Amino acid sequence: MDHPAIEVNSLSAHYGDRLILDNVTLTVDYGEIHVIMGGSGSGKSTLLRHLLALNRPTSGYIKLLGRDINSISEIELDELRREMGVAFQGGALFGSMTVGENIQLPLKEHTRLNESTMRIMSRMKLEVMNLAGFEDLMPSELSGGMIKRAALARAVVMDPKLLFLDEPSAGLDPVVAAELDQLILRLREAMNITIVVVTHELESAFTIADHITVLDSGRILITGAVDEVRNSSNQRVQDLLMRRVSMAVVDGDAYLQRLTG
């Protein structure tokens with residue numbers, strides 16, 4: 001390929017007058033697992049929403065699979081989204097559908113396959129996720145880890161080229177989280193898929209990432225391989241990695257002005 005799988009160039013974004021992303025630039029190569037990290041309010045979830053073309057940037061551009069998502073038509077964007085899979089933080093399974101019906105949903109929405117073929121495809125993905133035989137259960141009957149794996153099965157049922165994972169390990173115990181990390185690595189190898197993971201779980205990030213981008217207040221502090229990030233001399237990066245609290249110095253007059261403003 002003569003272009004990266006994902007290219008973000010000088011991306012800035014606002015919510016009203018508030019600057020959320022400030023001149024963000026990064027690339028993700030084909031077959032790479034790229035982790036986006038940062039504290040609460042750092043802009044990582046907003047960046048993910050822009051990568052999914054759910055939000056429009058104030059300036060800059062994003063190219064997915066070589067296509068500028070801000071300049072293509074809605075029809076072209078829909079076609080591009082068929083090459084993307086997303087697993088949301090809480091799983092986002094529909095409680096009124098069985099696990100199998102949840103997995104088949106993208107196939108029903110975007111293909112004209114017959115019921116038998118869709119059922120076989122969903123079972124294949126459940127096999128990959130170690131959920132064989134669970135297709136007739138309801139989401140309420142699954143454990144937290146099983147819900148995450150079922151959501152992952154739905155995200156890859158159409159064999160996407162890009163996979164976006166929002167906090168895949170959140171809320172899981174360490175053993176289940178480690179199993180999910182290994183599953184993500186196996187998925188990359190088996191499907192030759194490009195994966196972007198938004199997470200605040202350090203151990204997970206260091207296990208699965210080829211490269212890590214650390215965001216803080218909407219700006220990129222560092223992008224690099226795991227060892228580069230782990231050994232960064234940037235004090236703010238180390239504060240985030242070590243979970244050290246950064247206390248801002250408050251100007252009394254400015255604070256009073258804000259309150260009475």
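User: What makes up the secondary structure of the chain, in helices and strands?

Analyst: The chain has ten helices and ten strands. Keep in mind that this is a predicted model.

User: Why does the radius of gyration agree with a compact globule?

Analyst: A compact globule of 261 residues would have a radius of gyration near 18 Å. The chain has 20 Å, so the two agree. The C-alpha atoms fill a box of roughly 70 × 45 × 40 Å along the principal axes.

User: How far apart are the mean positions of the positive and negative charges?

Analyst: They are 2 Å apart, for 25 positive and 35 negative charges.

User: Why is Thr199 called buried?

Analyst: Buried means under 20% relative accessible area. Thr199 has 1% relative accessibility, so Thr199 counts as buried. Thr199 sits in the loop between strand 8 (194–198) and helix 7 (202–208).

User: What lies around Thr199?

Analyst: Beyond the four places on either side in sequence, Thr199 touches Val35, Ile36, Met37, Gly38, Lys44, Glu167 and Ala205. There is also a polar atom of the Thr199 side chain 2.9 Å from the backbone nitrogen of Glu201.

User: Glu167 is on that list. Why does Glu167 count as buried?

Analyst: Glu167 has 7% relative accessibility, and the cut-off is under 20%, so Glu167 is buried. Its place is the loop between strand 7 (162–166) and helix 6 (174–191).

User: Where is Ala53, and how do you know whether Ala53 is buried or exposed?

Analyst: Ala53 is in the loop between helix 1 (44–51) and strand 4 (59–64). Its relative accessible area is 11%, under the 20% limit, so Ala53 is buried.

User: Why is Glu83 called buried?

Analyst: Glu83 has 18% relative accessibility. That is under 20%, so Glu83 counts as buried. Glu83 belongs to the loop between helix 2 (74–81) and strand 6 (84–87).

User: What makes the link between Glu83 and Arg67 a polar contact?

Analyst: The limit for such a pair of N or O atoms is within 3.5 Å. The side chains of Glu83 and Arg67 make their polar contact at 2.7 Å. With neighbours within four places set aside, Glu83 is in contact with Leu65, Arg67, Pro160, Lys161 and Leu162.

User: Why is Ser217 called partly exposed?

Analyst: Buried is under 20%, exposed is over 50%, and partly exposed is in between. Ser217 has 47% relative accessibility, so Ser217 is partly exposed.

User: Where is Ser217, and which residues does Ser217 contact?

Analyst: Ser217 is in the loop between strand 9 (211–216) and strand 10 (219–224). Its contacts, leaving out neighbours within four places in sequence, are Ile20, Gly41 and Ser42.

Conventions:
Residues numbered from 1 in each chain as written. Predicted model: local features only at pLDDT ≥ 70, side-chain atom pairs only at ≥ 80, totals over all residues. Heavy atoms only, no water. Helix = DSSP H or I, 4+ residues; strand = E, 2+ residues; numbered from the N terminus. Rg over C-alpha atoms; globule rule 2.2 N^0.38 Å. Lys, Arg positive; Asp, Glu negative; His and termini not counted. Charge placed at Lys NZ, Arg CZ, Asp CG, Glu CD. Buried < 20%, exposed > 50% of the residue type's maximum accessible area, 1.4 Å probe, protein only. Polar contact = N/O pair within 3.5 Å; in protein donor to acceptor, adjacent residues only side chain to side chain. Contact = heavy atoms within 4.5 Å.
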